[in-house]
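Reader: I have a structure open and would like to go through it slowly with someone. Could we start with how the helices pack and then move on to the core and the loops?

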Amino acid sequence: MRITDIRSLLHHPARLTLIEVHTDAGIVGLGSTGSPPGMIEAIIDDPGDGLRLFVVGQDPTDPEALWQRMAERWAAQRGRADRGGLQANAMGAIDMAVWDIAGKAAGKPVHELLGGARRDRVLAYGSASTMSYVASKKSYEGDQGRSLRQKPPEEIARECTTLREQGFKAVKYGWGNDFGDDGMAKLAAAREALGPDTRLSVDFGCPAYFDSTWTAADAIAAARKLEAYDVYFFEEALHPLDVDGFAEVTAATSVHIATGESLTTTEEFDPFIQQRALDIVQPDAAQMGITQTLQVARDAEAAGVMCVPHGPWTVFTVTCHTQILSVAGLEPMIEYPALVSYGGEGMVQQRATALASYEIVESPPELVDGHVVLPQGPGLGLGNFVPEAVERYQALMEEAASAS
């Protein structure tokens, strides 16, 4: 069996890439990355050194070998050793699809190809936000003309109550730099609504990327405030490449410290794991594919570091992370969209996330009692794309863009 084609299903202004990898046996593999289609298509289809040149004609039943071929050939062609960034995103989407093909060809789920499942379900945490958009005529992604508002404590309490009633045993809120009295009031409301038996985590996120004045001492001070509310993990407490800073914060607090969503190669994860600079690594299969995400999970387990992958926004991240954590990882948990938290702005984000999480494939995985059930179908267990749902997603993106 040989790969015959790579096809992209979405186009600008979509903020998500969906691909199909076709074979001469008629088996089609599905893949995705969170980077926009135009960028990924350029990396795949460039006539001089696009990834298509190194993939079409190859055997898809050995995904790890094909990953290595993509990485090595790109480096040789470009004269660079760097495998990260958008290139890793494009390779990751192809890698997903190739694992899907390999499983479909063998008549086995991906987790059997990865060594066999140790668990048949994985704990999911509902990924929510303390902020929402107010109504405007601007686009889904951009912030021009749109205002973000902080949700008051009572709104967060209502969301947490709903999430608990939906069966979630863990919840995370995107928090930003909100560690003053107002922020702690919201955290107290979330903890009270969730009760003592539900994990509550906090994602600092982008402020650490852009504020050069934010230090490890600031992160430690924030983490110590979180301790009073039994916060399970504190995500992105510092700039994502600050290994020494993360090590300092990790040593100074009882809250688990997590990072990794911005890293795209195993080499970038290595120093964090080897130096025990964090408690939880957060690789993202939509950033780096199944092959590399699995390696990070295995390396972390060997070092006694937990793996809680990043990325709840599509059925692909949820499925790939469930497949991977069924065979590797300490205290596995994955991110899952908390749709109740993403209303406003015509509910565009909620509608887009629902389409991408449940409707664009034939067989999305089930969420039962706060756990994602391990798919047992061949390959990723998703079947094929549902063309009508893909078209609705594209139309939604175009509608949002036209309103800008």
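Reader: Which residues in H12 meet which ones in H13?

Author: Before the answer, please note that this is a predicted model, in which local features need pLDDT of at least 70 and side-chain atom pairs count only at pLDDT 80 or more, while totals for chains, interfaces and linings use all residues. Residues are numbered from 1 along each chain as its sequence is written, and side-chain values use heavy atoms, with hydrogens and water left out. On the H12 side, Ala285, Ala286, Ile290, Thr293, Leu294 and Ala297 meet Thr317, Cys320, His321 and Ile324 of H13. Contact here means heavy atoms within 4.5 Å, and helices (H or I, at least four residues) and strands (E, at least two) are DSSP runs, numbered from the N terminus.

Reader: OK, and at what angle do the axes of H12 and H13 cross?

Author: The axes of H12 and H13 cross at roughly 10° and come within 10 Å, where axes are lines fitted to C-alpha atoms, for helices over the stretch in contact, and angles run from 0 to 180 degrees between N-to-C directions. That makes H12 roughly parallel to H13. Angles under 35 degrees count as roughly parallel, over 145 as roughly antiparallel, 65 to 115 as roughly perpendicular and the rest as oblique.

Reader: What classes of residue are in the contact of H12 with H13?

Author: The contact of H12 with H13 has seven nonpolar residues, three polar ones and no charged ones. In this scheme Ala, Val, Leu, Ile, Met, Phe, Trp, Tyr, Cys and Pro count as nonpolar, Asp, Glu, Lys and Arg as charged, and the others, Gly among them, as polar.

Reader: And H11, how does that pack with H12?

Author: Helix H11, residues 266-274, packs with H12 at an angle of about 15°, and their axes are 10 Å apart, so H11 and H12 are roughly parallel to each other. From H11 the contact takes Thr266, Glu267, Phe269, Asp270 and Ile273, while H12 brings Met288, Gln292, Gln295, Val296, Asp299, Ala300 and Ala303. By class, the contact of H11 with H12 holds six nonpolar, three polar and three charged residues.

Reader: Now the inside. Which residues of the largest nonpolar core touch the most other members?

Author: The largest nonpolar core has 92 residues, and those that touch the most other members are Phe179, Leu226, Phe234, Val281, Phe316, Ile360 and Tyr393. Helix H12, residues 285-303, gives the most to this core, with eight residues. A nonpolar core is a set of buried Ala, Val, Leu, Ile, Met, Phe, Trp, Tyr and Cys residues joined through side-chain atoms within 4.5 Å, and buried means under 20% relative accessible area, exposed over 50%, partly exposed in between (1.4 Å probe, protein chains only).

Reader: What is Phe316 in contact with, then?

Author: Leaving aside neighbours within four places in sequence, Phe316 is in contact with Leu18, Leu30, Gly31, Ser32, Met96, Ile360, Val361, Leu380, Leu382 and Phe385. There is also a second, separate core of 23 residues, which includes Leu51, Leu66, Ala93 and Ile101.

Reader: Is Thr314 buried or exposed?

Author: Thr314 counts as buried, because its relative accessibility is 7%. Its place is in the loop between strand S12 (306-307) and helix H13 (315-325), and, leaving aside neighbours within four places in sequence, Thr314 is in contact with Leu16, Ala356 and Ser357.

Reader: Switching to Leu163, where is it found?

Author: Leu163 is found in helix H6 and is buried, with a relative accessible area of 0%. Not counting residues up to four places away in sequence, Leu163 touches Phe168, Val171, Ala338 and Val340. The C-alpha atoms of Leu163 and Ser341 are separated by 9.3 Å, although the two residues are 178 residues apart along the chain.

Reader: Last topic, the backbone: which residues does a cis peptide bond join?

Author: A cis peptide bond joins His12 and Pro13, with omega about 15°, and Pro13 is found in the loop between strand S1 (3-8) and strand S2 (17-23).

Reader: What about phi of Glu236?

Author: Phi of Glu236 is near 55°, a positive value in a residue other than glycine. Glu236 is in the loop between S9 and helix H10 (243-252) and is buried, with a relative accessible area of 0%.
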